[in-house]
Amino acid sequence: MDKFVIYQSKLFGSVRVSGSKNAALPIIAATILTDEECVIHNVPDLRDIQTMLAILQSLGKSVEFKNGTLTIGSKPNKSFLAPYRLVKTMRASFCFLGPLLAKRKKAKVALPGGCIIGPRPVDLHIKGLRALGAEIFIQNGYCHAQAKELVGQHIYLGGAFGSSVLATDNVLMAAVLASGETIIEYAACEPEVEALALFLKKMGADINGIGSPVLRIKGVKSLFGCEFTIIPDRIEAGTFIAASLATRSKLTIEGANPFHLTSVLETARRIGAKINIGPDFSIEINPTSNLKPVNITTLAYPGFPTDLQAQFMACLCLASGISLITEKIYPDRFMHVPELNRMDASIQRSGPYAIIEGKDKLCGAEVMASDLRASAALVLAGLTAEGKTQVLRVYHIDRGYEQIEHKFRKLGAKIKREKQ
Ligand code: EPZ
């Protein structure tokens, strides 16, 4: 296992964000819906992507991945099993369920384990697919599904915590080949869901309401191969915005879509950064030296993203006052709190709330990465802390950030990867 060794650093210059992991993953699953070749550009080279491609190959697809471009074709093997040994490492693979049902009328997908950020239910996925006529039962940790024919329905997909990104993806991918019209009410509106819908449209799907909470899909007989470019990763961009604030370094972020970051940029302004958007949509962050405390509530898009909660908490550990973070999406997503407190932060957690009392500085320590985004928060904390910080188990970070230590080193960070 690898670790990062990090020392206090000032950052400078510009960084280019990669393609979005969370847009690429469901789009890879959607290639099951056609037997024709799909070419997908700007795909980040990440562990989660490699896992998804391994499952795709086990389902009978040919895969070539070179310089960020994926070429996916079909082979005669038409398996419908997504094996536990691969699915258990990444929840997103559950979104093979919808396309397998739609195209092969049968699916056996391992249930995603829970993970460090809390329970990961799939009730909305199952509700939506059953509404389209699928027979689904759970047995031995697998979700077994089959359907002679999928028939369009009016489906309400809101759950106890609001909309669901991957449940929307699964039902959308099943509906595009269902007979008749499907209406998905309370669909997730994340840019990554919008990107999947645009990919499906390029394949010949009939979808209206893209980007809105109501999707209207008219089923078609078959879908074609297509060429598509993955949108920039807004969470990676937000992580560098947080890095700029935490280290009080002026940074320019290139290749991001500022329109996907409105709530994040607004929060950065409230904490004390001047933001300039360039003619090429580059984002220049100029933080003040005195970070102001703010209250943040994580919400579905376009609210503040839960995937940036940990990174912005690391910034608020250095604000001049008391901040409150309310986690409305994953109330247990606070594994980074005890680790930040080991770096002399002063954070109290109570249920879905974290109260952060800002301090002048953090102190370097040996800390443990846990979930993907909490690990990024520990890297940011290490870049600001006095002394040496070691972040262990950085394989968590490798799941979702392409060459993060190289990108930070190019910005002047004192960070290096070592064998643990
Ligand atoms: C996606 O996960 C993202 N993953 C997550 O990013 C992200 O945190 C999450 O959306 C929320 O934005 C990918 O896109 C691969 P949800 P997803 O279903 O779709 C509850 C990262 O770091 N829920 O939108 O699994 C659920 O418990 C990852 O890149 C149900 O109740 O999340 C949560 O409270 C972490 N029933 C809320 O909905 C269901 O059937 C939102 O979850 C499904 C979800």
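Start with the cover around helix H9: select helix H8 (234-246), strand E16 (273-277), strand E17 (283-287), strand E18 (295-298) and helix H10 (309-316), which are among the elements that cover the buried residues of H9. Keep in mind as you explore that this is a predicted model.

Next, select helix H9 itself, residues 262-271. Which of its residues are buried? Colour Ser263, Val264, Leu265, Thr267, Ala268 and Ile271, and you have them. With strands E16, E17 and E18 still showing, you can look at how these elements, together with helices H8 and H10, take part in covering that set.

Now step just past the end of H9 and click on Gly272. The backbone there has a positive phi, about 125 degrees.

Time to zoom out and show the whole chain as a cartoon. How many helices and strands does the chain have? There are 14 helices and 24 strands. Along the principal axes, the C-alpha atoms fill a box of roughly 65 × 45 × 40 Å.

Of the 420 residues, 58% count as buried. If you display contacts between residues at least 6 apart in sequence, 73% of them join residues at least 24 apart.

Finally, colour by charge. You will find 50 positive and 38 negative side chains, and the centres of these two sets are 3 Å apart.

Methods
Residues are numbered from 1 along each chain as its sequence is written. This is a predicted model: local features need pLDDT of at least 70, side-chain atom pairs count only at pLDDT 80 or more; totals for chains, interfaces and linings use all residues. Side-chain values use heavy atoms; hydrogens and water are left out. Helices (H or I, at least four residues) and strands (E, at least two) are DSSP runs, numbered from the N terminus. Buried means under 20% relative accessible area, exposed over 50%, partly exposed in between (1.4 Å probe, protein chains only). Contact means heavy atoms within 4.5 Å. Lys and Arg count as positive and Asp and Glu as negative; His and the chain ends are not counted. The place of a charge is taken as NZ of Lys, CZ of Arg, CG of Asp or CD of Glu.
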